[in-house]
Amino acid sequence: MPRSPGKLHTPRQRRYEDTRPNAAARGYGNEWRRVSNAFVLAYPFCLLCLCRGRVNEGARQSPSTRGRSLQVDHITPHNGDAALICDQTNLQTLCATPCHAVEKRRIENTTHDVRGSWFAYLASELIRTQSIDHLRSHAHGVPPGLLEAVADRGGVDLWE
Ligand SMILES: [Zn+2]
């Protein structure tokens, strides 16, 4: 005789199971903490600030947002996609505020092509503030793929 699910779970428990995040999403907390801590140690510069000729300017002016002045941002918002969450090529360091909380969020809220629009914005800031030398001199603290993406968008050669 088939077992009735009702005998195993009350309706309240079934609802809980239905809404409970899957295993990958539940593991996100610890794994993400490990990945983001290592990332910010390897890449300790806000990319937006570097493109403006500054170093972590937002973080210095607002030293703590929930205990962190720098944040590891998902360039393309992950929306729960486990593959995107810890994909190193999708990560960048930003000042928690305003670079992440205000400027990056504004782009996320106004376009579907977040990645393309974000690099276009970085490139325009790089050129507006004439900060190519500054970016180049901090290149050791920026994921290589991101430098190239900014340079491509701005039509500049960082290594000329
Ligand atoms: Zn910044």
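**View 1. Burial and order of elements in the predicted model.** In this predicted model, buried residues account for 22% of the 160 residues in the protein. The protein contains 10 helices and two strands, and from the N terminus on these elements follow the order α-α-α-α-α-β-α-β-α-α-α-α. Of the contacts in the protein with a separation of 6 or more, 68% are between residues 24 or more positions apart.

**View 2. The largest nonpolar core.** This core comprises 25 residues, and Cys46 and Leu47 are those with the most contacts inside it. At least two residues of the core are supplied by each of α4 (47-50), β2 (91-95), α7 (96-110), α8 and α10.

**View 3. The surroundings of Cys46.** Leaving aside residues up to four places away in sequence, Cys46 touches Asn56, Gly58, Ala59 and Leu70, and it also touches Thr93, Leu94, Cys95 and Cys99. Cys46 is, together with Leu47, one of the residues with the most contacts inside the largest nonpolar core.

**View 4. The packing of helix α8 against helix α10.** Helix α8 (residues 114-128) and helix α10 (residues 144-154) pack with their axes 8 Å apart and at an angle of about 70°, which means that α8 is roughly perpendicular to α10. On the α8 side the contact is made by Phe119, Ala120, Leu122, Ala123, Leu126 and Ile127, and on the α10 side by Ala149, Val150, Arg153 and Gly154. Eight of the residues in this contact of α8 with α10 are nonpolar, while one is polar and one is charged.

Note on methods. Residues numbered from 1 in each chain as written. Predicted model: local features only at pLDDT ≥ 70, side-chain atom pairs only at ≥ 80, totals over all residues. Axes fitted to C-alpha atoms, helices over the stretch in contact; angles between N-to-C directions. Helix = DSSP H or I, 4+ residues; strand = E, 2+ residues; numbered from the N terminus. Parallel < 35°, antiparallel > 145°, perpendicular 65-115°, else oblique. Contact = placed C-beta atoms within 7 Å. Nonpolar A, V, L, I, M, F, W, Y, C, P; charged D, E, K, R; others polar. Buried ≥ 20, exposed ≤ 12 C-beta atoms within 10 Å, placed from the backbone. Core = buried A, V, L, I, M, F, W, Y, C linked by C-beta atoms within 7 Å.
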